[in-house]
2 protein chains.
Amino acid sequence: MAADAAARVPTFADVRAAADRIAGHARRTPLLADTPLDAETGGRILLKLETLQHTGSFKFRGAYNRLCQLDAVERRAGVVAFSSGNHAQGVAAAARLLGIPATIVMPSDAPRVKMRNTLALGAEVVEYDRQRESREEIAARLAAERGAVLVPSFDDPHIIAGQGTVGLEIAEQSQDLGLRPDDVIACCSGGGLVGGTALAIKGLVPSARVWSAEPAGFDDYRRSLAAGERVRNLPGGDSICDALLAPTPGELTFEINRRLLAGGVVATEDEVRRAIAYAARVLKLVVEPGGAVALAALLAGQVDARGRTVAVVLSGGNIDDELLRDVLA
Amino acid sequence: MAADAAARVPTFADVRAAADRIAGHARRTPLLADTPLDAETGGRILLKLETLQHTGSFKFRGAYNRLCQLDAVERRAGVVAFSSGNHAQGVAAAARLLGIPATIVMPSDAPRVKMRNTLALGAEVVEYDRQRESREEIAARLAAERGAVLVPSFDDPHIIAGQGTVGLEIAEQSQDLGLRPDDVIACCSGGGLVGGTALAIKGLVPSARVWSAEPAGFDDYRRSLAAGERVRNLPGGDSICDALLAPTPGELTFEINRRLLAGGVVATEDEVRRAIAYAARVLKLVVEPGGAVALAALLAGQVDARGRTVAVVLSGGNIDDELLRDVLA
């Protein structure tokens with residue numbers, strides 16, 4: 001990668017600094033051990049409950065870490081972001097806490113719960129047609145018009161470092177339990193969560209293997225890791241995992257993940273639906289499709305947990321009623 | 001009350017002893033602060049997530065505290081309990097951990113998830129007809145036949161003390177957050193959870209007001225507290241709160257609660273359904289009807305939270321798919 005981009009790749013120290021910045025603002029979410037998943041998989045499973053994070057997903061971490069570093073002039077001009085909904089809510093919530101105007105570009109078919117919550121957090125929402133318009137162009141135009149700061153959803157060092165606090169907490173909370181993760185599985189779209197998590201985990205538990213988990217048809221990260229270069233998803237695919245539809249790995253995230261990840265795993269739509277139902281029925285947790293992919297891959301045996309300690313990130317819980325009802329039918 | 005009964009009423013010291021016994025076996029469940037409930041109610045709401053306790057409800061605490069004190073002869077003879085399902089699972093799980101045979105008398109119309117889980121935990125289940133048969137008689141007969149120990153679901157000092165660890169943790173975890181509860185609301189059937197919780201809370205935070213929460217039509221505890229004596233529910237009523245159908249307060253629990261409780265609050269079936277939906281949509285938590293009554297009473301304004309710190313116990317999450325789907329419709 002170019003030297004200027006390489007200089008922007010965050011490090012473990014950046015994750016530590018992010019943890020200090022978000023302390024007292026983001027929730028230190030529970031790491032749940034001793035669930036029926038142990039008997040189910042033959043391993044010792046640790047669940048990181050980012051479903052209980054503010055706004056119902058991990059995205060608040062990176063958004064707060066990014067926005068709290070804006071200066072007074074930038075804060076007045078406001079921020080623009082594009083997102084199917086979890087980054088939207090994370091940015092909107094962080095912006096509201098910091099008194100920053102936020103404009104979010106969202107697909108018109110985003111889950112209604114995400115659209116509603118983003119509006120309720122005080123953000124302006126600009127809708128676009130996911131099949132015909134470019135959210136990147138719309139967001140860039142809005143940012144230029146308003147002199148606002150564009151807040152990327154993954155390919156930004158502060159966003160990656162913020163999401164990495166998930167990994168930091170997994171390592172620390174595992175240690176509190178007298179455990180050390182052998183594997184860590186995190187849901188993956190552009191790779192910010194898994195990349196930041198890998199920075200923290202490999203910094204504290206170098207022996208651990210970190211895996212990206214993606215929905216079938218959107219496994220650009222798995223294929224990119226295997227190929228050693230960034231490849232794209234085939235256009236036109238669709239998935240219930242609305243949060244995980246990024247077309248290709250981020251430049252910065254891939255620079256991290258190609259070095260640090262053990263590989264990528266994939267879950268089918270059926271496996272994701274089963275994981276959502278399992279979470280509700282057995283774990284008593286509401287998890288959205290994109291947030292359940294790592295659990296789905298675990299339950300499908302994509303990562304062999306037998307005799308191992310495996311941390312799994314449940315990354316978000318913003319699911320529409322209709323879909324949750326359908327999954328439980 | 002009679003002198004022999006009075007001598008059996010547990011104390012705060014018994015709750016402390018129970019906490020030592022269950023440590024490392026029961027989960028220290030999260031106490032969740034800073035949720036959207038604060039804006040909703042104008043108070044500072046602390047949610048005690050017993051939905052995440054082993055077996056999906058607080059009942060494991062009391063059951064383990066009771067069973068771990070059985071001697072070798074009693075353990076071999078086994079235990080008998082009756083329950084619509086949460087005490088059933090709690091006893092079954094504790095019995096399995098301790099290698100004790102368990103027989104549970106359950107109504108044939110118990111939620112299927114509770115029946116299934118009790119069986120999966122290795123207990124023998126004996127069904128009875130809730131409208132025509134007496135579970136007390138069936139359980140007493142089974143216990144006599146087998147020389148087994150009958151494990152009551154609430155009116156037992158070790159059960160009450162075990163459930164009281166919920167209150168102990170609320171007080172300790174509030175302090176960790178720099179907070180002190182002004183009010184504590186716990187769901188109430190026979191009064192074991194709220195009684196044990198009151199012992200702990202009043203022991204550590206004497207100024208706090210502790211409230212029982214019951215479903216409409218089954219507010220025997222509220223009426224008993226008001227009357228100063230144990231009164232019964234009218235026969236023939238029904239409620240979606242299958243876990244909260246005890247006909248009258250326990251003798252031991254009432255001796256505690258008449259001294260320590262501020263009073264009782266009640267939630268209608270509609271309010272309970274709204275609370276279950278709120279928990280799933282906003283909090284990302286699966287809560288069963290009986291486990292949502294305290295939250296329902298809070299959301300309905302039965303306890304005025306404005307400007308106060310209010311701890312609310314979400315006491316269980318074992319809800320059938322059909323009901324959860326219906327509530328989300």
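User: In this predicted model, which residues of chain A are linked in a network of salt bridges?

Analyst: The network of salt bridges joins Lys48(A), Glu50(A), Arg61(A) and Glu169(A).

User: What makes the contact between Lys114(A) and Asp242(A) a salt bridge?

Analyst: The side chains of Lys114(A) and Asp242(A) meet at 2.6 Å, N to O. A salt bridge requires a side-chain nitrogen of Lys or Arg within 4 Å of a carboxyl oxygen of Asp or Glu, so the pair qualifies.

User: Which parts of chain A does this pair tie together?

Analyst: Lys114(A) lies in helix H7 (residues 112-120) and Asp242(A) in the loop between helix H11 (220-227) and helix H12 (251-260), so the parts joined are 128 residues apart in sequence. Both Lys114(A) and Asp242(A) are buried.

User: Why is Asp183(B) called buried?

Analyst: Its relative accessible area is 0%. Buried means under 20%, so Asp183(B) is classed as buried. The side chain of Asp183(B) meets that of Arg209(B) in a salt bridge (2.8 Å, N to O).

User: Why is Arg222(B) counted as partly exposed?

Analyst: Arg222(B) has 31% relative accessibility. Arg222(B) forms a salt bridge with Asp219(B), the closest N and O atoms being 2.7 Å apart.

How values were computed. Residues are numbered from 1 along each chain as its sequence is written. Chains are lettered from A and ligands numbered from 1 in the order in which they are written. This is a predicted model: local features need pLDDT of at least 70, side-chain atom pairs count only at pLDDT 80 or more; totals for chains, interfaces and linings use all residues. Side-chain values use heavy atoms; hydrogens and water are left out. Helices (H or I, at least four residues) and strands (E, at least two) are DSSP runs, numbered from the N terminus. Buried means under 20% relative accessible area, exposed over 50%, partly exposed in between (1.4 Å probe, protein chains only).
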